[in-house]
Amino acid sequence: MATLLVSQPNFESHATPTGHPERPDRIRAVEEALSADRFARLIRREAPSGDLSLAELVHDANYLGILTRARPAEGIGQIDEDTFISSRSLEAAATALGGGLAALEAVALGEVRNAFCAVRPPGHHAEIDRPMGFCLINSIAVVAREAQRKFGAERVAIVDFDVHHGNGTEDIFKDDPTVFYASSHQMPLYPGTGSPSFTGVGNICNAALAAGSGGAEMRAAYSDRILPELEAFQPDFLLVSAGFDADYRDPLAGLNWHPEDFAWVTERLTEVAGRVCDGRLVSMLEGGYDRHGLATGAAAHVEMLMAAS
């Protein structure tokens, strides 16, 4: 068995204003890091264009209309204070989604053990009826629904280690006991959600981390809360919202994770996946806004996926 790397051929299609942290250079940084010799045994595929109408599996019926109306014929349009859409952003969103769906299929059919999708724009802040936080389509939520609809999964788990709480993913699944959502995130920090006291219908696990905390606090949060609840849920697939903005160099947050911390959490997640769902794990890139932090974190993450395959 092997690890699949899904890359995005048109990642530059989603344009953001000069100086915006969510920019095409993020994907270049990941691609450069994963071009090293130690990643030679990765199976590599380009993301196909996905069917954006599948967004209706998790978003309101008029959601694509909101994005279409906001999209300019030329240049860059603004959705909210920090979320932008350009003339070809939906093309990039379609391949980000298509990449996740292609990875899901490869894992579900046993072609590979696990997969990482280096795609943009991110998705975990996109709520049922509102794009926000750099996010247009909640791709990982769509992948979860397709795991159920297309591959018969009874239970799907999503673990999100982006430094920002995935309010959109929580919003979509908070009332659905067939999907478990766990998030470790700095608190308080944008978007202000993710209280540990909120548990949905028993399917939400939020672990809040204080600014300035590092690997020791993260390990405790996962060992004491997230990993036991994840294993008890017994998912058929494990999906990972892999943000690398908890890195100590990231300009948008204040946690002090290092590459070995991303390696540790990835190894623990692959161990749980190996015990409960035959190792079936699909990871999708979310945040990470320091070029070096993103590159080293993603490399550590993928190395651990490869070690488990």
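Biologist: Let's start with Q234: where is its place in the chain?

Modeller: In this predicted model, Q234 belongs to the loop between α6 (215-233) and β9 (237-242). Its phi is near 55°, a positive value in a residue other than glycine.

Biologist: Why does D278 count as exposed, and why does Q234 count as partly exposed?

Modeller: Exposed means over 50% relative accessible area, and buried means under 20%, with partly exposed in between. D278 has 57% relative accessibility, so it counts as exposed. Q234 has 37%, so it counts as partly exposed.

Biologist: Thanks, that is clear! How do you know that strand β5 (residues 114-118) is largely enclosed?

Modeller: Five of the five residues of β5 are buried, so the strand is largely enclosed by the rest of the structure. Both of its faces are covered, with N114, F116 and A118 buried on one side and A115 and C117 buried on the other.

Biologist: What makes β5 a partner of β1 and of β10?

Modeller: Two strands pair if there are at least two bridges between them. β1 and β5 have five bridges, in the parallel sense, and V6 stands opposite C117 of β5. β5 and β10 have four, again in the parallel sense, and the bridge partner of N114 in β10 is L281. Both pairs therefore meet the cut-off of at least two bridges.

Biologist: And how do you know that β1 and β2 pair?

Modeller: Strand β1 (residues 3-7) and strand β2 (residues 43-46) share four bridges in the parallel sense, against a cut-off of at least two. S7 faces E46 of β2. From β1 the chain passes through helix α1 (residues 25-33) to β2, a β-α-β crossover that is right-handed.

Biologist: Why is that crossover called right-handed?

Modeller: With the strands pointing away from the viewer, the name requires a clockwise path from the first strand over the helix to the second. The crossover from β1 through α1 to β2 is right-handed, so its path runs clockwise in that view.

Biologist: Which peptide bonds are cis?

Modeller: Among them is the bond joining M187 and P188, with omega about 0°. The bond from Y190 to P191 is cis too, with omega near 5°. P188 is found in the loop between β7 (179-186) and β8 (204-209), and P191 is found in the loop between β7 and β8 as well. In general, most peptide bonds are trans.

Biologist: Last topic, the cavities. What makes a space a cavity?

Modeller: A 1.4 Å probe fits there but cannot get out. The structure holds two cavities of 30 Å³ or more.

Biologist: How many residues of each class line the second largest cavity?

Modeller: There are two nonpolar, one polar and five charged residues.

Methods:
Residues numbered from 1 in each chain as written. Predicted model: local features only at pLDDT ≥ 70, side-chain atom pairs only at ≥ 80, totals over all residues. Heavy atoms only, no water. Buried < 20%, exposed > 50% of the residue type's maximum accessible area, 1.4 Å probe, protein only. 1 Å grid on protein atoms, 1.4 Å probe; cavity = no way out; pocket = protein on both sides within 12 Å on 5 of 7 lines; lining within 4 Å. Points joined across faces, edges and corners; volume = space filled by probe spheres on them. Nonpolar A, V, L, I, M, F, W, Y, C, P; charged D, E, K, R; others polar.
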